[in-house]
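Open the model in your viewer and keep the sequence panel beside it. This tour tells you what to select at each stop and what is there.

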Amino acid sequence: MNAAISPIIILNPADDVGVARKAIAAGAPAGPEGLVAKVQIGRGHKIALHAIAKGKEVLKFGQVIGVASEPIEAGAHVHLHNLSMIESHHAYEFGGVPGPELLPKAERRSFMGFDRGAGGVGTRNYIGIISSVNCSATVSRYVAEHFNRHHGLEGFPNVDGVVALTHGSGCAINTKSEGYEILTRTIQGYARHPNFGGILMIGLGCETNQIAPILEHYKLAEGALLKTMTIQHTGGTRKTIEAACEAIQEMLPLVNAVGRTPQPLSGIKLALECGGSDGYSGISANPALGFASDLLVRNGGTSVLAETPEIYGAEHLLTRRAVSPAVAQKLLDRIEWWRNYTARNGDELNNNPSFGNKLGGLTTILEKSLGAVAKGGSMPLSAVYEYAEMITESGFVFMDTPGYDPVAVTGQVAGGCNVICFTTGRGSVSGFKPAPCIKIATNSEMYRHMQEDMDLNCGDIVTGDDTIEAAGRRIFEEVIAVASGKKTRSEEFEYGDNEFVPWQVGAVT
């Protein structure tokens, strides 16, 4: 760390708190004008810059993150014991800003991808096995294992693997319910995802979530690269495994025949995700990813922010960037849906910061959200999508998802995201096949400790040895490299088979 740099980060002149760059001992100098730490302040945690009266709103990022639940002395640790959540209320601006200013076509970057024609551009070339119901999950996994673990892909170098997409639902749900609509929309999104060269759908046969209605409703036609079967009709598990292996064996030469070709960055749909966040997330990796997101959008690509409970309290920063009042209102409508959803389930939006988030220095959902929206950069908000809805607008967009990472990313991938950037302060390790996932560390301590699982480090921003712009450019270049075939750390370990987790909403009967 630069010896001359302050031990704390002050993000806005109006702030009441600073963030410790590293642990500050009790009694040690902590910042401007003789500020001294009253107690030890953990790295990433907040210190009061001045006395704060009980009941006063507390600012960080120049925004309200909560209210003082007791008098707070200058130099005190500000956290769960003295900072309380308050309901988020804002005067909203309803957008109407112009769309993003793109680079001239001659200056836009390209990548090496798999051209699927009207189906988009793939960054990987997998074959997918989709279970319609949990009852067919075991068979689906056995088929994938046959090819991935027993040399079934030898001679097919352009095929990245066979992925079994299994889940815990598919029956005992109302076919007229929101939950059924979400499940089928998610399945069809994966079935037509450009990172799959071929798809096999396997059901049990008697389940509520029948395959035929999905194909009919979403206009998916069976053919050489989309096949279906059920265990009951085929004659049991062993016969189905044999038939499924035979079907995929027939697909392999066709899928392998497709190679990478130069493609414009408009073919990239980038999922912006964070998990295991800490007090540095909104200071280092998230704004750096936001800078990379802006670069991608200016090159004609699409970046997708998600996790509605994790923008709560910061949604006003997005509505003001909306390209139309209708886009801004759709975002606010989804926030209101979440207020009602959590209330009727006996929950609250402030329940979102996890145990690990709090250990890392985050206190309220308002604080977490202000850091989370930084992933979205500064480009205009072009559209708002419901969970797993197909993303058709280019530019910076938002998708309504839960904050739970596997569920959120499943929705983004179902919508067409073919690369994921995942920032983490505590150390998330998910893989998310068929989309490659780039892990970005918010702090150098965790990066060094879990370096085998991390792709990039933004921790030097915290110490003053790096900048958001420089880190953002590295992320942008990594996105292009990974989209062109470079393996991420999770892909090197072959992780990512268990992160297909469709959002379950509603009653299971």
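Between which two elements is the loop that holds G282? Select G282: the loop runs between β15 (269-274) and α6 (285-298). Helices (H or I, at least four residues) and strands (E, at least two) are DSSP runs, numbered from the N terminus.

Before going on, note that this is a predicted model, in which local features need pLDDT of at least 70, side-chain atom pairs count only at pLDDT 80 or more, and totals for chains, interfaces and linings use all residues. Residues are numbered from 1 along each chain as its sequence is written, and side-chain values use heavy atoms, with hydrogens and water left out.

**Stop 1: around G282**

Stay on G282. Its relative accessibility is 15%, so G282 counts as buried. Buried means under 20% relative accessible area, exposed over 50%, and partly exposed in between (1.4 Å probe, protein chains only). Now show the contacts, where contact means heavy atoms within 4.5 Å. Not counting residues up to four places away in sequence, G282 touches F61, P287 and G371.

**Stop 2: the whole protein**

Zoom out. The protein has 15 helices and 21 strands. Its radius of gyration, taken over C-alpha atoms, is 24 Å, close to the 23 Å that the globule rule gives for 509 residues, so the protein is as compact as a globular protein of that length. The rule is 2.2 Å times the number of residues to the power 0.38. Along the principal axes, the C-alpha atoms fill a box of roughly 75 × 50 × 45 Å.

Of the 509 residues, 57% are buried. Among contacts with a separation of 6 or more, 71% are between residues 24 or more positions apart.

**Stop 3: T342**

Select helix α8 (residues 325-344), where T342 is placed. T342 counts as buried, at 10% relative accessibility. Leaving aside neighbours within four places in sequence, T342 is in contact with D347, E348 and L349.

**Stop 4: the cysteines**

How many disulfides does the structure hold? The number is zero, a disulfide being a pair of cysteine sulfur atoms within 2.5 Å. Select C206 and C171: C206 is in no disulfide, and its nearest cysteine sulfur, that of C171, is 6.4 Å away. C206 is exposed, at 55% relative accessibility.

Next select C421 and C437. The closest cysteine sulfur to that of C421 is in C437, 7.9 Å away, which is too far for a bond. C421 is buried, with a relative accessible area of 0%.

**Stop 5: backbone details**

Select the loop between β19 (419-424) and β20 (437-441), where P434 is found. The peptide bond from K433 to P434 is cis, with omega near 15°. F432 is also in the loop between β19 and β20. F432 is not a glycine, yet has a positive phi of about 65°. Is F432 buried or exposed? At a relative accessible area of 3%, F432 is buried.

Finish at H151, in the loop between α1 (137-149) and β11 (161-165). H151 has a positive phi of about 60° although H151 is not a glycine. H151 is exposed, with a relative accessible area of 60%.
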